[in-house]
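My notes follow the structure.

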Amino acid sequence: MSNETLNEEPQTAVTVSAEVKAVVEALIFASPEPMTPKMLFKLLAEEPKEDVLKAIEALKADYENRPGLQMVEVAGGYQIVTRPDLHEWVRRLFHERSSARLTVQGLETLAVIAYKQPITALEITEIRGVNTSGVLSTLLERHLIKIVGRKNVVGRPFLYATTKEFLIRFGLKDLHDLPKIEDMAEALGFDPPAGLMETSPREDMLPLEEDEPDESEKLERQSE
């Protein structure tokens, strides 16, 4: 009897581990946003956190050798996505519309914000040399940037920064994963503005007030 028990215990442990691993994989695959360890712990509350973490590590190892898919860490969580060298084939499936792509102006403005955040509309204009209010509106609508506060100077202009959606869209774990400015510009297909290469000290930031105006009013003030 004791021998049978000893033989059964390792099998039970393996079965549970395989089950947790399968559940974690399914949750990461089905989630529309990166699945964070915190969310996995909550969804698998009955399982030890150590087992969940082991399942994540095991899946990461499994997906290292997958020919079509990979498991990546972005925006503080995990996603199962297609490999970069197969993106063109995936685009054919979804018939990606050109209207869904950002313009060169949009990409350039987004790069300026990414590397200089938090930054005001006027500062972006000074770096790019053109008015950016229309481009900012597009980036706000696509949730790639957000207003994070006001600059502590006369006029208290709005300050812009990138969002979690930006990290997801570009496959970044966090802002520390941003490539060199020159590499980013080359990858996105534009020449980096000279002002983007310069470093500037951070300014004091004022928090947003509860009665802030809506987006249309914000953009109208920026163009004044």
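These entries take the salt bridges in turn and then the loop residue.

I am working on a predicted model, in which local features need pLDDT of at least 70 and side-chain atom pairs count only at pLDDT 80 or more, while totals for chains, interfaces and linings use all residues. Residues are numbered from 1 along each chain as its sequence is written, and side-chain values use heavy atoms, with hydrogens and water left out.

I searched the whole structure for salt bridges and found seven, a salt bridge being a side-chain nitrogen of Lys or Arg within 4 Å of a carboxyl oxygen of Asp or Glu.

I looked up Asp 62 and Lys 21, whose side chains form a salt bridge at 2.5 Å, N to O. Asp 62 belongs to helix 3 (residues 49–63) and Lys 21 to helix 1 (residues 2–30), so the pair ties together parts 41 residues apart in sequence; helices here are DSSP runs (H or I, at least four residues) and strands likewise (E, at least two), numbered from the N terminus.

I then noted the salt bridge of Lys 164 with Glu 33, with the closest N and O atoms 3.7 Å apart. This pair links helix 8, which holds Lys 164, to the loop between helix 1 and helix 2 (37–43), which holds Glu 33, across 131 residues.

Last, I checked Thr 163, which sits in the loop between strand 4 (158–162) and helix 8 (164–169). Thr 163 is buried, at 12% relative accessible area, where buried means under 20%, exposed over 50% and partly exposed in between (1.4 Å probe, protein chains only). Leaving out residues up to four places away in sequence, I find Thr 163 touching His 143, Leu 144, Ile 145 and Lys 146, contact meaning heavy atoms within 4.5 Å.
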